Amino acid sequence: MASPGENLKINGDRLWESLMEMAKIGPGVAGGNNRQTVTDEDGEGRALFQSWCQAAGLSMGLDQMGNMFARREGTDPNALPVYVGSHLDTQPTGGKYDGVLGVLGGLEIIRTLNDLDIKTKHPIVVTNWTNEEGTRYAPAMLASGVFAGIHTQDWAYDRVDHDGKKFGDELARIGWRGDEEVGARKMHAFFELHIEQGPILEAEGKDIGVVTHGQGLSWTQVTIEGKDSHTGSTPMPMRKNAGLGMARVLEAVDQIAWSHAPDAVGAAGHIDVFPNSRNVIPGRVVFTVDFRSPDIAVIRDMENKLRVAASDICGQMGLSVSFEKVGGFDPVEFDEGCVTAVRSAAERLGYSHRDLISGAGHDACWINRVAPTAMVMCPCVDGLSHNEAEEISREWATAGADVLMHAVVETAEIVE
Ligand code: HGY
Ligand code: MN
Ligand code: MN
């Protein structure tokens, strides 16, 4: 296959302008974004993305999970398309680039190929996956998970948010529930550009992360029941303090993760306290423990140790405890051919690079189950993400999109 010339580059200013334009939709309170999945703001972001795709001459597809597919024809209409994309939904206190860079980086490839009238044998399809974040509706990567056959669509539709609203109803309400069967599309390959969301690339002065693997993830929802009672008049020995139980369990979570240092991590980001009143001892707490490691045996060990520790702690305190696995995936090894396309693209373009294990989960982790898949990463400032202060440089965005384009175009086969 002919490789693209090293002077094939995207238009970094145009990509940056699109990122800043998208960032205006669902603004946060501190310079980032709050464009959570299947909210009105998500719908607005989708509409803007669709208008840009149509302006670039792409034909639009939409499946029953709201996954968006914008297709540029190849010279061989029967050739399986090369897909490229990520997600437009954000955390409640999200950054402007998490996911968005991968979707708009894919669109920038199309805009550049159109500018230069470059044709490829395989069609290219830019993709926006619904609900990658899993923050309003667990689990993360929900729609790419249905696409890859991990979850059933009915199960996904029935997921409820904090207010009891169902995912399927909300997707229909914002008008982005399509007709296409989810997962019917077959792919030649899938590529995803994403910010690292960690400190390694910036610390080592590397432009590009060649993602060979993704670490595994486990989400266990823990419910501890005690007894609501007055914080003033209930004697200490009589208390059934579920909040205190949670505090001791979270200390154990931290120790469990440290026991597998340096490659394991653990914490709880979601915590609900009931009744959450200043003068009531919490009678019930519900929280989600997030464990991650590149080694599945370590993840299983951390899950087991959590259950043992939480059961012991709650037993000693007269509290009840229950567990529910609400998300997770095993460590991922990406496709060697696609990874090589990414690495040789970085080399051809003269960008510094290093192999990398992704610390965060991505739609590519599920799509890797159904198509040859790889990821490109760029640095982010201080490795910070899932924070409105998330920041990248224009140069990092450009380098990442250049490498993404070369990997995609080489795989889609340029037609001379
Ligand atoms: O949780 C994750 O790793 C991803 O950001 N959804
Ligand atoms: Mn992301
Ligand atoms: Mn994220």
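Which residue's side chain does a polar contact of 2.6 Å join to that of S144? It is D363, where a polar contact is a pair of N or O atoms within 3.5 Å, and within protein one must be able to donate a hydrogen and the other to accept it, with residues adjacent in sequence counting only if both atoms are side-chain atoms.

Before going further, this is a predicted model, in which local features need pLDDT of at least 70 and side-chain atom pairs count only at pLDDT 80 or more, while totals for chains, interfaces and linings use all residues. Residues are numbered from 1 along each chain as its sequence is written, chains are lettered from A and ligands numbered from 1 in the order written, and side-chain values use heavy atoms, leaving out hydrogens and water.

H87 takes us to the metal site. The manganese ion (ligand 2) has as its protein donors (N, O and S atoms within 2.8 Å of the metal; water is not among the atoms, so sites may look incomplete) H87 through NE2, D98 through OD and H194 through NE2, at 2.1 to 2.2 Å. Along the chain these donors follow the spacing H-x10-D-x95-H. D98 also coordinates the manganese ion (ligand 3), which lies 3.5 Å from ligand 2.

As for burial, H87 has 0% relative accessibility and counts as buried, and D98, with a relative accessible area of 5%, is buried too.

Terms used: Donors are N, O and S atoms within 2.8 Å of the metal (3.2 Å for Na, K and Ca); water is not among the atoms, so sites may look incomplete. Buried means under 20% relative accessible area, exposed over 50%, partly exposed in between (1.4 Å probe, protein chains only).
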